[in-house]
Structures are given as C-alpha cells and as structure tokens.
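Have the chains coloured separately before you start.

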Amino acid sequence: MKIAVCVKQIPEGSSRIDPESKRLDRSGEGALNPFDANAVEEALRLRDAAGESEVVLVSMGPARAQDALRKALAMGADSAVLVSDEAAAGADLVATSYALSKALEREGADLILFGQQAGDSDGAVLWAAVADRLRLPVVSQAAGVTHENGKVTVKRQTEFGYDVIEAPLPAVVAVSDAINEPRYPSLKGIMGAKSKPQATVSLGDLGVEPERAGEQGSRTEVYALGDPPARGESKKIEDDGSAAQVILDFLAEKRLV
Amino acid sequence: MSTLVFLEHHGDELLKGSLGVVTKAATVAGGDIAGVVLGSDVRALAEGAGNFGAAKVYVADDPQLEAPLSQPRVDVLAQLIGDQGIDTVLFANSVLAADVAAGLAARLDAGLNWDLVDLTQENGKLVGKRPALQDSVYVDVGWTSEPRLALFRSGSFDPSETGGSAQIEDVEVVLEEFSTAARMVDQAHEESEGPSIEDAPVIVAGGRGLGGPENFTLVEQLAKALGGAVGATRAVVDAGWYPYATQVGQTGKTVSPKLYIACGISGAIQHKVGMQSSGVIVAINKDANAPIFEFADLGVVGDVHEVVPRLTELVKQRKGG
Amino acid sequence: MTKPADVPPPFRIAEYIAPPSDPEDERIDVGVLVVGAGPAGLACAIRLGQLLEDAPEIRERLGEVPVAVLDKGKQAGSHLLSGAVVNPRALRRLFKGRKRIDEMPFFGPVEHESVYFLTEKSALRIPTPPTMKNDGNYVASLSRLGRWLAEQAEEGGAMILPETAAEKLLVADGRTRGVRTGDKGRGRDGEPLGNFEPGADVVARVTVLAEGTQGHLTGVALQRFGLAGESPQIWALGVKEVWQVARPLDRVIHTMGWPLRGAAKYREFGGSFVYPMGGDMLTLGMVVGLDYRDVELSVHDLLQELKTHPFVRRLLEGGERIEWGAKTIPEGGFLALPKHLHAPGLLICGDGAGLVNVPALKGIHYAIESGSLAAEAAFAALQRGQTPWTPGALSAYDDALAQSFVWKDLQEVRNMRQAFGRGFWVGGALAGMMTATKGRLPPGNMRTERDAEVEPIRTDRARAYPAADGKLTFDKLSSVFASGNKTRDDQPNHIVIRREVPRDIAELWTRMCPAQVYEPSESGVDITPSNCVQCGAITAKGGRLTPPEGGSGPEYTLT
C-alpha cells in the first residue's frame, strides 16, 4: 500500500501577519504543523501493519518547508515531495487544492492522509477540496482508522458522537489529534532523514497553469487587518452577597440558562 | 444577491447554528434568502426554516442522503447553485458543513472563507471577518468571484423567529459515483456520558483560587446544574488537583463554548489562548487585578467558595421551577 | 540570612557520567561530536568541514557522519539569545574567501552609539567607555545568526541534530567517548509514556562541548577532569525583548545607573542595551550580575521598570512587543577560566568555557574563534598515527587559544568585573585605570566569590516594580508565552534544587527567575518546570539546571 501524507510547515515561535502583504509572515523557520504529526504517525502505523507499504510526504511551501518534511521523515516516512514555486505564494483553498491534487495524482497513493487543521491559519478544510478534485471518497475527523481488504474503516468524531464509515481505496482521510500520540523521532531516525529521497517540483512540473496558481488562481482576498472588537460592554462587580443573582440574571438575559 | 444557507439537521431538528446563519443572512443580504435541506424524510423539517427568515427552502429528499456524509451533498448543491444562479452560499461550521463547503469550493472553483464570525456589506461588497493568530487580529476578507462560499464559526449568530413561512421547492438528486463510495456503517454512537470538554456548550473551569482539590466539587456541581463540562487550568492540573484531560490552554485543550465560567482563575495568557473565543465569559476571582477581568464579559470580584455554590443553587431552582 | 550556597542542590555528577551502555553495534558512531549548535559549536563544525574538504582520506576514516552537532532546542537557534553587537573578526577569519560580511544575517553596522547614565527621571549622555566602542561591529540576532551558521555547517557536511539533549558524558578508561542523549516521552514521575523513545549513546573520536552558558556537561566535565580554574565562575542574568516600533532607531544605546542602585552594599552591577534591528524593529534588555544581594531583585521586573523611564518609553511609543527571552552570561572572565580546556578526547569552547569580555559586552567572536581553534586542534589529532584521546593530544587547542586575540583581550580586562563588586563609582575608577594601562594597573588578580556565596539582604525594592499593563510592561507568564515556550507540562522535572528551603531562599528564587518557575510554599518552594526558559540563573544561585527533554523550552527566532 502506498500512503501519502499531506503536511505543512508553519512558522516557528510566535506568528505575526505582515501588515504589508497581509499574509502570515513566513520568515520564521519552518516547523512541522503539529496536527500533521498525528497524520504521519497514523500513516506509519498503517504502513507497518500492512507490510510492503510506503509512506510519502507531500507538501507545498517555500524551500524552507524541507525542514518540516525532514522532521516527518525522521519519524519514519519513506520519502517526500515538496511543491515549491514562487508562483504558488498567496494561494487560497481553490488554488492550493488544485496544485496539491495535481501533485497527489502523480503519486497515485492508495490512501491520502491529512492532519485535522493547520496550526497557523487554523484552516481545516483542505482535504475535502482535494478529495473532490481527485474524485475520491473522503472522511474527516478520524479518531480511528483500520485498513482491510482494499477499504478503510474510519471512526469519525462529530458533534453528536462517533460514526463508523467505510470507504474503498483509494480514499482521503483527515485524522483528528485524538487518534494517536505521535512518536518522537529516534536519533537514528533524525540522522537517516537526510538521506531519504526528497524531491522538489515546480508548478510547471505538475502541469498547473499559471492562471490557476497562487494569488491569480485564488478566489478570495484579504482587505484589511484590524484589532479584535472589544468584548461588548464588560461588567465588573464586587460581591456584596448578591453576585450569584447578578450572574444568574446575566445568564438569563443572554439566554444561557 | 441570491443567498443560500446550508441547513444542517440532526435527528428531527434543524441545527440552531444553521438557523442563526439564516437570521444573519436576512439582515445582511435582505429578503431573498433561501435555505437548503438535504436528507431523507426531511420535508417537514424544511418548513420550519421559514420561521427564521428563509423565503424559500430547497429540499433534496432522498434515501441516498440519509447519512450525514459530505460528498453527495456537494453533488446536489453544485447542481442547485448552477441551476438557480445562486451567488452566495453560507454554512454554519460543523464536521459535515466544513467538508461540504470545501468540496463545493473545489467543484465550482469558488472562493471559500472559513472561520468567519461576521459578515457585512461594505460599498456593495460582501466582507467577512475572520479572527486570526489566536484571535489577536481580525482580518477582513472577501471574494473575487461568484459564487461566494462562507463558513461561519459555530455559535456566531443566534436564530430569531420571524413568524414567516417558506416556499418549499424540491431538488433533483443526481449523484456522482465517487460521491457514494463512502458508506455509513454505524451512526452517531455517543460514547461518553456528559459532554466532552471540546463539544460542551458550557464549561465551568477551576483554577488555583479554589484553594484545594476538594473544592473542585463546587465547580463540578455548577457544571452539572448547567449541563456543562468541567475545565481546569495548568496550575491545578500540575498540582494534581484535576486530570490533564480537562486542562484548557496553550498546552491543553482549546475550547469555544457558548458560556465559560472561570472560577478562581487568574487568566494568564497561557490559559486565555485556550478559551478566549468562548461566547460569554464569566469570571469569579478574589483578586480584583486578575487579568481575567480584562476579557471577561461579567467579572465578579468575590470569593468562589461563596459565589459558586450560591449560583449552583439558583441555577437549580430556576431549572426546577 | 541563609545563602543559596547553604542549600546546595542534591546533584551528583556521578549520575551524569557513564561508560557507553548500548551494545556496540547499536551505538551511533560519529567522527567529531559537537554538543551545542551555538556560535562556538557551529564554527567548530564549519571549520572542520573546511579542513576535511581538503583531507578526503581523513574524512573517509571518520565514517558516515564525520561531524555531528547536537542541540536541545527545537531548531538550531531556538535556544540562542544575546544582545547582540558582534565583532566580525572571528567570522571574517572563519569565512575567509568564502562568505562576505554582507552575506551574513546582520542588521547592519553600528553607525552611531551613545551611552547614558540614567537617574529615575533623567538620562545623562556620558562618553562611551573605550572598552565599549563598537566601530566596525554589527548588530545581529544571535538566534538568526545561529540558524544561518547551521545552514553553512550543513552545507559543509556536518549533520545538525536538533531536539536532542546531551544528558550524560560517556567516559571510559579515563577518556571521553561521547555523550548519551536524553530520553523522550517520560511522564512526570519518570515513567515511560506510550511514545517513549530512549536516548542513545553517541560515540566519537573527539567530543567538543560548546554548550554555552551553564553548560550541563561542561560543568560535569570540569569537575570530572579537575579542570576548574583558580577563581570561581560567576554569572549575570540578561532579560531582553524584541519590539516592533513606530520610529526606527538609528543608534546603539547602552545605559548605566537606574534602575540599579549604585551603593556598594547592594552589589548591583549591570546596565541596559537598546539595539536597532533594521526597519521598524529594535531589541532592548537588562543585564544584572548574579552576585547581587537583594532578595527582591528581579531582572525581568527591572527591565519592565526601565521601559517606564521617559527616555526609553519614547523609543517604544506606539510599538508592540513581539518576543522575549532570558539567559545568563558568564562574567568571571580570565581569572575564572578553566585550567585547561581539553581532556582526553574532549574540548571545551565558547561561553561554556567562560570566554566573555564583560567590559566590552562581547563573547560571540570568542565563541567563534574558540570553536574554529578547537576544530583545528581536533583535526590535527585525527591525522594518521594520532590518537586524540591520549592525554595531551588535544593540548594544541589551549596553546592556540593562548596565542590568539581571545587570550590577549581577556587578560587585559581580567580584573574589571571584579572591581565593580566595590560599587559603581569605585569600580568605574578602577576600570578606567585598567583600560588606560591595558590591565597592568592595579597589579595582581582580584578575588571573586561564587554568586551563591553572596549573603542576601532584603530591601523593599519590589514595591517600585511597575504593574503589568500588557502593552508596555508585562508579567512573567505572558513573557514566557512570548518566548515561544510550549513545553509539555507532564515532563519530568529538570531543575535540581532543594525543595525545603528557608523562606528567604524561596523568595530569592521566585524573584530572580524571569519565567515564574518558583513559588514559595509552606515548606519551602514549589516549581513549575515547564515555564523554564533554561536561562541558567538557578545554577548560579543554589540550584542546578539539567537539560529537559530535547525539543522543549523556548523557541526563540529573533533574540
């Protein structure tokens, strides 16, 4: 079985938005999106359980994203492909999902895994867009994944409890951070990561037309940055014995009791 | 503008979040608001949406739509949007709605802005507000083409009843083969008793101001009375007063309940980043200078040991009576 | 009052020295092992890469990994923090014919500089002391410079291994064999968790300790091999912030005086710095010697107080703090240097060795130079027919260092820091004399005592610390947040201290620690180790910092 894991690099340390470009300042070094570590871990477990399988990482980002990929390789993934192209900068969901699906098409994986969200932008939708472009079944919020006889069985966590969903391979699955505890890379793993195959491809290599890439290929835009609104009129009182009643009245007014 | 709201249901109820978006849409976009309900045996449900401001409700009623899976819904919506010339589609976030919205974005090459907390019209342009970087920045976002897709953070808008009724229109259900490949084997099996801290609409959390682990019962009782879950700060988890699974904050859970009651919590940034997007924050703390009062909607400077049990009693009385 | 030295930590170096324990075929075998990806360790790795480039047969002999660099931080640079104004001398030598200064990540040369003496309300410009002149020097973020150096080292063939703590020194038959790395995935009580990953023996022909200030294994090695110098090492604690401001700063600024007290009885030696970082960024910090006496002294709070001074406040107006960090600086100087900086199979470089020029506020170029010289000595000892682990085989390093500008500089200013133990004015006069005579006067060597031996006093200093407003002034916890620290809370404790201590000691630690790790309790002191930013102050004042799980701690990017 071939498992592809889509991973992202996010800025290390405290993030900030560049007021000029209105994009996330990506000048900080690349860290592996922590939620993607759950997807990598699950891929490794599925690979090891299935035998004769491989895990390939697929990512999009600046050349520095190699660092994040190397962390995932150190955990035990077999190889990595980075789509890196200046023309991809500023891509939104439409443009990103298009380029990523082109990269995944080339890999021809049986199972494509995602983490539950991006630690920087909090985006939590990419898998569904990619699955649609690839015309593959998708299940998200997986709290458990098993693989048998050419299909995956996924325990999906929703607002209402747990669903069990089956999908034939190839399929796209986004795992939740409750699914596992990612392993620490061993020192040997970290040392071995450097010599694992790491390819970089451009949008041109993938056949992504310039007008469908980056900002040009996007359908959303950012107008302005602002401060968060003040949290309504905030009240502060001293308890003179009636505070509990004041709280109750406040909750009643907000229809919270 | 021709606006469509994705109406999600569970059991035989439309979700409040979806109805809140209908209410919001009616105030932003004006009259022409349609809803869409997709499922099996959902016609009766659809009629209820009129009461919240939808003039029309499309109904895709088909056994193939029974399970809450996203892909068949994408097929139906893509068709509907094209046929009806809909330019704006709004979703209240949920596991299902997020997947439907993103699938649709890819299918239609349509812009999707997610995690929005507000929507306005500015100079004829639709502008969404999206909090970023732990809600420290609010970003104004827009769309460069139609249809425009927007996914709102759950609990952003309250539904309000208009007393209106909606015209019901059936929608044809034609599904792609790959869209029906995923199959529901077992649905929505609830595993835990009380709500989990991530899903709870109400969280009552305790911090060091409680004075000792034994006083967590005060927090538990209030949480029970309100039908909520119990949260804890790092300091008390560290001290072994309460389990790690309940820790809210930077190195614990990030939560956004409708109501967060902080009992004896100072509100250090490490805690704040885990709960600041809660709908309403109530804080009870002895220390009048505690940072939590800077972002609480209602702050009570007082003794948690007195205020919390009294509040529990009052909540019980109210619910009982 | 009880001195910190009266409550020594239950730390036994024997726990941190062991022979290799992994079966031979499972050990990780490297040629030269460098511990610490800071300026010293990376310079060492870069220099080795250069030398091995021209010596393929030696490179071959060193195996698959000729040079490896371990670092406990998340990335190279994550635990690096300095002012910093860098003297480019050592970098020029290291990169001669390879990289120009303008290719290095500097914010620019120092174009103007001013020194001020502050009182509570005023700022008096004073002539720049000769030792502090920065003509020809460059402003840098050491964290950023470190990351760049790591890239250069990797290009030169070194393997950088971040997220890896060097926990034990591997010693067998009297020679250093390498290090054992720390376990990962242990719970609070040391129990292995589901994702437990044991440490590994990393063995090498030569081990270079370049751990920086308060180096864990450096301390162990100095004791194990009897290398400690005649005078004890002392430290200062620096706390700094990076700001985005409305108006760019055009100069390097240093201040003396307020908020420190000049009277000799307080022993408050230090000052502040404000450096431009290009564009709309600047960094400012406060440095105070840890031989201070007042239980209520808090360097973090002094920095907050400093920002309320009209002169400093003006520089920050309309700005926003974007990063925060803290670190100690070895200040013992020449007299506190170890007797030797080598032992069989072992070399010690940089801040770990104490190579810092306090009057000049410089140490980065010494770290780089010592790393380069260590590389050259290691390389010489790796030649065919040489065995680097025989006694004296690496002594060429000490000789080269003694011949270098590092030694000359440090010798000249050897007594200057000690003079300030006598208060600001007497110290200043003595320092002037030393500068004028290049260290010949006053003659002899001044004594120091360990920071932990200084008897504490108590004043009500803390009353004056400003309350945090979240805009200009900040509390310790939000500062820890701004360091990028997101350490797992259920890690085992890595701070070795006595928990049952007198109230004064508990309060001294509480105030001293910039990261709110300590808190007085009924029986002594409680700790929150996950707040720790590994500054090292506790090691100076009665405790012992050991490395936590690799990859934890602060994640500095701009400090």
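## Around Val145(A)

Keep in mind that this is a predicted model. Skipping neighbours within four places in sequence, Val145(A) is in contact with Glu42(A), Leu46(A), Val152(A), Val154(A), Val173(A) and Val175(A). Val145(A) itself sits in strand E7 of chain A, which covers residues 138–148.

Is Val145(A) buried or exposed? It's buried, because 22 C-beta neighbours fall inside 10 Å and the cut-off for buried is 20 or more.

## Where chains A and C touch

Now over to the contact between chains: chain C puts in 22 residues and chain A 17 residues. On the chain C side, strands E9 (159–161), E12 (184–186), E13 (192–197) and E19 (320–330) each supply at least two residues. E13(C) has the largest share of that side, at three residues. Sorted by class, the chain C side has eight nonpolar, eight polar and six charged residues.

## A helix pair in chain C

Next, look at helices H9 (residues 364–381) and H10 (residues 395–403) of chain C: their axes come within 8 Å and cross at roughly 145°. The crossing of H9(C) and H10(C) is right-handed.

From H9(C), the contact uses Ser370(C), Leu373(C), Ala374(C), Glu376(C), Ala377(C) and Ala380(C). H10(C) brings Ala396(C), Tyr397(C), Ala400(C) and Leu401(C). By class, the residues of this H9(C)–H10(C) contact come out as eight nonpolar, one polar and one charged.

Note on methods. Residues numbered from 1 in each chain as written. Chains lettered and ligands numbered in written order. Predicted model: local features only at pLDDT ≥ 70, side-chain atom pairs only at ≥ 80, totals over all residues. Contact = placed C-beta atoms within 7 Å. Helix = DSSP H or I, 4+ residues; strand = E, 2+ residues; numbered from the N terminus. Nonpolar A, V, L, I, M, F, W, Y, C, P; charged D, E, K, R; others polar. Buried ≥ 20, exposed ≤ 12 C-beta atoms within 10 Å, placed from the backbone. Axes fitted to C-alpha atoms, helices over the stretch in contact; angles between N-to-C directions. Left-handed = near helix turned anticlockwise from the far one by under 90°.
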